[in-house]
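Hi,

Here is the structure I promised to pass on to you. Have a look at it first, and then read my notes below.

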Amino acid sequence: MTRLGDLERAVMDVLWDTVPATSDGVTVREVAEALDGRELAYTTVMTVLDRLAGKGMVQRRREGRAWRYQAAASREAYIAQLMLDALDLGGSRDAALVRFARSVTGTEAEVLRAALGAEAGLTPAPTARSGETPATEPGGGRRQPAVVDEATDR
């Protein structure tokens, strides 16, 4: 998965924070207006959205002469994939996981334990805090964090 640059991240934050999964998406102009504090040209925002579409980060559909854009997956799915990609950078995945597990806070460790217990069928999946998604799908299946095209996986 491609890491995002600062401007790409700002555009994705607009899509993740302001575009409901049930909407038809937003136009370049609407994204540019949401980024008004950055004083970006319309064409700059259009180029960033086009590149994000090419990377599979956003979905777009034609509406008349304009395009409407939506995030292809949730912020949580993107971050989870970044974490998995980081584990693949080399060395021992086990050592990296142990070091990560030792660095999380008590609350985060509880969430991880509950998610792993739910995977094993030992405990129910943790209840997501505001803005978070549970680690498992209904029925106990493992959620795949890769970017997907289904509008329902947001």
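This is a predicted model: local features need pLDDT of at least 70, side-chain atom pairs count only at pLDDT 80 or more; totals for chains, interfaces and linings use all residues.

**Core.** The largest nonpolar core holds 23 residues, and Met-12, Leu-15, Val-31, Leu-49 and Leu-52 are those with the most contacts inside it. At least two residues each come from H1, helix H2 (28–34), helix H3 (42–54) and strand S2 (66–71). H1 gives the most, with six residues.

**Rings.** There is one aromatic pair in the count. The ring centres of Trp-16 and Tyr-78 are 5.7 Å apart and the planes stand at 40°, so this pair is tilted. Trp-16 belongs to helix H1 (residues 6–18) and Tyr-78 to helix H4 (residues 75–87), so the pair ties together parts that are 62 residues apart in sequence. Both Trp-16 and Tyr-78 are buried. Another ring to look at is that of Trp-67: the charged end of Arg-60 sits over it, 4.4 Å from the ring centre.

**Hairpin.** Strand S1 (residues 58–63) and S2 run antiparallel and are joined by six bridges. Glu-63 has Ala-66 in S2 as its bridge partner. Two residues lie between the strands of this hairpin, where Gly-64 takes a positive phi near 65°.

Best wishes

Conventions. Residues are numbered from 1 along each chain as its sequence is written. Side-chain values use heavy atoms; hydrogens and water are left out. Rings of Phe, Tyr and Trp (its six-membered ring) pair if their centres lie within 6.5 Å; planes under 30 degrees apart count as stacked, over 60 as edge-to-face and the rest as tilted. Helices (H or I, at least four residues) and strands (E, at least two) are DSSP runs, numbered from the N terminus. Buried means under 20% relative accessible area, exposed over 50%, partly exposed in between (1.4 Å probe, protein chains only). A charge sits over a ring if NZ of Lys or CZ of Arg is within 6 Å of the ring centre and within 35 degrees of the ring normal. A nonpolar core is a set of buried Ala, Val, Leu, Ile, Met, Phe, Trp, Tyr and Cys residues joined through side-chain atoms within 4.5 Å. Two strands pair if DSSP finds at least two bridges between them.
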